[in-house]
Every structure is written in C-alpha cells, then in structure tokens.
Amino acid sequence: MSLMTNPSHPGDVLAELYLTPLGMSAITLAAKLGVPRTRIERLVKGQTAITVDTAMRLARFFSTTPEYWMNLQRAWDLARARETIDVSGIKPLEAA
C-alpha cells in the first residue's frame with residue numbers, strides 16, 4: 001500500500017526517524033520538551049495523537065515545522081477514518 005492509504009503513525013515516525021537514530025528515550029525527550037513522560041511514551045506506542053502543543057515542541061526541538069508533525073497526524077487520522085466511516089449513502093451535491 002502507498003503512504004497515502006497506509007501512513008505510519010506519527011509516533012512510529014518519531015521513534016524510527018528521530019529517537020532511535022539519536023539513541024534517545026521517550027523519557028529523555030519528554031524532559032527536554034517539558035512535557036509529562038507519559039505523553040511521549042503513549043505517542044511512541046501509537047496510543048495517542050499528536051496535539052498542536054506537542055507538534056510545536058517537537059518542531060522546535062528537531063528543527064522541523066509544526067505543520068510537518070500535524071500533517072503526519074492528519075494523514076494517519078484520515079487513513080483510519082476511510083477504513084471505518086461509511087459515506088456511501090451520501091449523495092453528492094449536483095452542480096446547477
């Protein structure tokens with residue numbers, strides 16, 4: 001599947017592209033970001049979503065952008081929604 005239909009959870013991206021290469025634990029990152037350790041631990045486990053607050057902190061720390069992190073979350077959320085939300089019964093608005 002393509003990344004558009006099966007994107008990685010933002011926590012997987014955080015772990016695989018940032019934490020593991022740096023040899024950094026979720027607890028260490030949480031301390032550096034000034035957030036509860038459980039926020040990062042749950043994010044890395046895929047148990048929670050990235051919030052705007054977390055996106056801003058990650059962007060500052062890793063020299064990325066908040067949009068980068070929020071777009072990862074948006075892609076994940078939309079992919080999950082496409083699997084569970086049935087919109088087949090909705091008739092599109094017809095152009096006049």
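This is a predicted model: local features need pLDDT of at least 70, side-chain atom pairs count only at pLDDT 80 or more; totals for chains, interfaces and linings use all residues.
Residues are numbered from 1 along each chain as its sequence is written, and side-chain values use heavy atoms, with hydrogens and water left out.

**Overall fold**

- The secondary structure comes to five helices and zero strands, where helices (H or I, at least four residues) and strands (E, at least two) are DSSP runs numbered from the N terminus.
- The radius of gyration, taken over C-alpha atoms, is 16 Å, well over the 12 Å that the globule rule gives for 96 residues, so the chain is more spread out than a compact globule; that rule is 2.2 Å times the number of residues to the power 0.38.
- Along its principal axes, the C-alpha trace spans about 55 × 25 × 20 Å.

**Burial and contacts across the chain**

- Buried residues make up 29% of the 96 residues, with buried meaning under 20% relative accessible area (1.4 Å probe, protein chains only).
- Among contacts (heavy atoms within 4.5 Å) between residues at least 6 apart in sequence, 52% join residues at least 24 apart.

**Helix α3**

- In helix α3, which covers residues 37-44, the buried residues are Ile40, Glu41 and Leu43.
- Seen down the axis of α3, these buried residues fall within an arc of 165°, so they line one face of the helix; the arc is that of the directions from the helix axis to the C-beta atoms.
- The cover over the buried residues of α3 includes α1 (10-22), α2 (26-33) and α4 (52-62).
- Gly46, which follows α3, has a positive phi, near 75°.

- Gln73 is found in helix α5, residues 66-84, and is buried, with a relative accessible area of 4%.
- Leaving aside neighbours within four places in sequence, Gln73 is in contact with Pro10, Ala49 and Ile50.
- Arg80, also found in helix α5, is in contact with Thr5, Asn6 and Pro7 when its neighbours within four places in sequence are left aside.
- Arg80 and Phe61 are 19 residues apart in sequence and 28 Å apart in space, C-alpha to C-alpha.

Notes:
Buried means under 20% relative accessible area, exposed over 50%, partly exposed in between (1.4 Å probe, protein chains only).
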